[in-house]
Amino acid sequence: MAELSMTIDGTAVPTADTFSVINPATGEAHAEAPDCSREQLDAAFDSAQKAYRDWRTDEKLRRELRLKAADAMFAAAGDLGPILMAEQGKPLSEAAAEAFAAGIWFQYYAKLEMPREVIQDDDAAFAEVIRRPLGVVAAITPWNFPLILASWKIAPALLAGNTMVLKPSPYTPLATLRMGEILRDVFPPGVLNVVSGGDELGQWMTSHPVPRKISFTGSVATGKHVAMSAAPDLKRVTLELGGNDPAIILDDVDPAEIAEKVFWGAFGNNGQICSAIKRVYVPEALYDDVVEALAEKARTVKVGEGSTEGVQLGPINNKPQFDRVSELVADAIKGGATAVTGGKPIEGGGYFYEPTILSDIADGTRIVDEEQFGPALPIISYRDLDDAVERANATHFGLSGSVWSADPERGAEVAARLECGTAWVNAHLALAPHQPFGGAKWSGIGVENGPWGLYGFTELQVLYRSKT
């Protein structure tokens, strides 16, 4: 793999130190990534702060360059796909599609308006509310969708007139570094800086005096640390954190008809999606049929290295997550659950794990109560629908959830009772640039996407003109 560089002030920046990037399909290092020093981070924030002075003043240019950024990402999808596949593990087609999707987010925000709101227009005064940029944004992205989640931050933040220093996860830095190289030819120097490093670098970023906003996507535990680090300086924060998303199946469905959608709502990206289905509640009368329908899907899925033809699921991204999924499944089986399919790692190199359907399991089991973030799905039975809704809501998480019914109106009535940021009916993981995405409870603060995500990178100003 060609050596990739950080982007600071529009130029390639070498580092004295590097760190290894593991290919999860082999468990072995396959590349080295630059390890940003504290002095280089200072330089990145200084560059962003200087670029902000002019960048904030030219909205027309910001829109034009966002369209150019979209075109650049579309054109580079074939280049970015293999880089992302090798470090993240997902199939090559999905990796290239992720790069292309990042371009769609740039395209959407290039055309999104920021209207001024007139709140008074009479003989006394003309007053309007306008949205101003915050300044420099520090953005930190996770390892499951590094490119598209970066675009969720870059596109609205830069449209609003902010500048940015972006740090990807140390598990998946390479595709984001390459994205920075591509976009350094689009945006003026300092507008978008991309640095890479470990957890210490993230701590430096969140406590740094320059950024006025922290946009973070990751775990609840790390999100709490980010919030605490930002608090002394009263930095604004958007935190998109974990989820333990329930799917509630009602008693009027045909299990065979919903199995495909429910399965991929749980196992997309090998279960490594914060808003994926993490637990399924099924009425007793349908329990065996739903378990078998999902198990049959799991048995037919092809797991393997991402460039192999026909592969649908790759490896778990990293060793700690692989160990966590293995531990949670083993704990469930020890407690009496049945692995109808899967239940163990796949022999050989890499972090491959069998797609696992767990039955004979209940709330109170760790894999039901916690976020597994991997290819294992517990199926829980219920007798009373009100009780199922109560159990679905009995969690610190509140990212999303879904209800499955032959009657969409009935499904919507139940979905409206879920305590989460997004409630789907007969669907899951239906995400789009225009649709706000955020969580309740511990699943986050603020939202991303749509005009609401754009507004999160702004602050209000009242512009008042007296007529007397």
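Student: Where is Glu117 placed?

Tutor: Glu117 lies in strand S5, a strand being a DSSP run of E with at least two residues, numbered from the N terminus. The model is predicted, so local features need pLDDT of at least 70 and side-chain atom pairs count only at pLDDT 80 or more, while totals for chains, interfaces and linings use all residues. Residues are numbered from 1 along each chain as its sequence is written, and side-chain values use heavy atoms, with hydrogens and water left out.

Student: Why is Glu117 called partly exposed?

Tutor: The relative accessible area of Glu117 is 39%. Buried means under 20% and exposed over 50%, with a 1.4 Å probe and protein chains only, so a value in between is partly exposed.

Student: Which residues is Glu117 in contact with, leaving aside neighbours within four places in sequence?

Tutor: They are Ala127, Glu128, Val129 and Arg131, contact meaning heavy atoms within 4.5 Å. Val129 is also the bridge partner of Glu117 in S6. For Ala127, 10 residues along the chain from Glu117, the C-alpha atoms are 8.6 Å apart.

Student: What makes S5 and S6 a pair?

Tutor: Four bridges join S5 to S6 (residues 125–133), and the two run antiparallel. Two strands pair if DSSP finds at least two bridges between them, so four are enough.

Student: Why do S5 and S22 count as edges of their sheet?

Tutor: The open sheet has the order S5-S6-S22, with antiparallel pairing. S5 (117–121) and S22 (458–466) each have a single partner strand, so one side of each has no neighbour in the sheet. Neighbouring strands here are turned by 20° against each other on average, direction ignored.

Student: How many bridges link S3 and S4?

Tutor: Seven bridges pair S3 (residues 17–23) with S4 (residues 28–35) in the antiparallel sense. The hairpin has four residues between its strands, and Gly27 takes a positive phi near 75°.

Student: Why are H2 and H5 called roughly antiparallel?

Tutor: H2 (residues 59–88) and H5 (residues 174–183) pack at about 155°, with axes 9 Å apart. Angles over 145 degrees count as roughly antiparallel, under 35 as roughly parallel, 65 to 115 as roughly perpendicular and the rest as oblique. H2 and H5 are therefore roughly antiparallel.

Student: Which residues meet there?

Tutor: Among them, Ala69, Met73 and Leu84 in H2 meet residues of H5 that include Leu174, Arg178 and Ile182.

Technical notes: Axes are lines fitted to C-alpha atoms, for helices over the stretch in contact, and angles run from 0 to 180 degrees between N-to-C directions.
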